[in-house]
Amino acid sequence: MKNFFIVIEGVDGSGKSTQAEKLAKWLENKTGFKTIRTAEPYILRELILGRKDLCALSELLLFLADRAEHVNKIIMPAIKSGFNIICERYNDSTLAYQSGGHEIEFSSVKNLITACKFPEPDIKIFLDLSPEIAFERVKSRNNQNDKFEAEGLALIKKVSDFYRASEGLIKINCDNLDEEQTFSAIISKLEELN
Ligand code: TMP
């Protein structure tokens, strides 16, 4: 059995952290390999999310710089050590938010990501929660300092549409599922891959 690099994607408020925690425990038991949980943005979080005046291109380049550090310091060393990795957000977040949400041309974002040669995840899971439900959760966190959350429902809808139309993601419709049911849905999709 090999170690896995799994990415969890979804709009803000879709429950990524809860599922990442459950999945990390499950994967560690299943494979017997140590499992690292990590998330993006990695080191530039405050710089990117705290600056509402950044233009879309700077934002894109900063997310890629952040990923370069994340890959270099955490992801590649973990892969080489034979650990599993569960990562919240990765390349598909950049495509969904910077292209889908902030309308930078898709091919430009895609080409930049390709040029960075970041390692490809083995599995990418998209938690598909309706934008309205996700937005209610985000509002209750009341984190207006996060520039993306401050952009509200309009951004979440665009990002969600983008993810839904994307290929290569295992899509889990979470609208009528509680945390445990969502987790079961993820596991049954993963078991189908065997
Ligand atoms: P988080 O709150 O889910 O940790 O993510 C922080 C925000 O950063 C979230 O609104 C999505 C956004 N983001 C991008 O716009 N592009 C990216 O490449 C990444 C990793 C995050």
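**Pockets and ligand shell**

Author: In this predicted model, α4 and α5 (106-116) each supply at least two residues of the lining of the second largest pocket. Helices here are DSSP runs (H or I, at least four residues), numbered from the N terminus. A pocket, on a 1 Å grid over the protein atoms alone, is an open set of points where a 1.4 Å probe fits, with protein on both sides within 12 Å along at least five of seven lines; lining residues have an atom within 4 Å of a point.

Reader: Which of the helices gives the largest share of that lining?

Author: α5, with 4 residues.

Reader: What volume does the second largest pocket have?

Author: About 260 Å³, taken as the space filled by probe spheres set on the points, which are joined across faces, edges and corners. Its lining has 15 residues, and the closest to the centre are N91, L95, K110, I113 and E120.

Reader: What classes are in the lining of the largest pocket?

Author: 7 nonpolar, 9 polar and 11 charged residues. Ala, Val, Leu, Ile, Met, Phe, Trp, Tyr, Cys and Pro count as nonpolar, Asp, Glu, Lys and Arg as charged, and the others, Gly among them, as polar.

Reader: And how many residues surround the ligand itself?

Author: 14, the closest being D12, R89, T94, Y97 and Q98; the criterion is a heavy atom within 4 Å of the ligand. By class, this shell has 5 nonpolar, 3 polar and 6 charged residues.

Reader: Which element gives the most to the shell?

Author: α4, with 4 residues. α4 also gives the most to the lining of the largest pocket, again 4 residues.

Reader: Which polar side-chain atom lies 2.6 Å from a ligand oxygen?

Author: One of T94. A polar side-chain atom of R67 is 3.2 Å from an oxygen of the ligand, and for R45 the distance from a side-chain N or O atom to a ligand oxygen is 3.0 Å. A polar contact is a pair of N or O atoms within 3.5 Å.

Reader: How much of the ligand's accessible area does the protein cover?

Author: 92% of the 470 Å² that the ligand has on its own, by the Shrake-Rupley method with a 1.4 Å probe.

Reader: What conventions apply?

Author: Residues are numbered from 1 along each chain as its sequence is written, and side-chain values use heavy atoms, with hydrogens and water left out. Local features need pLDDT of at least 70 and side-chain atom pairs count only at pLDDT 80 or more, while totals for chains, interfaces and linings use all residues.

Conventions. A polar contact is a pair of N or O atoms within 3.5 Å; within protein, one must be able to donate a hydrogen and the other to accept it, and residues adjacent in sequence count only if both atoms are side-chain atoms.
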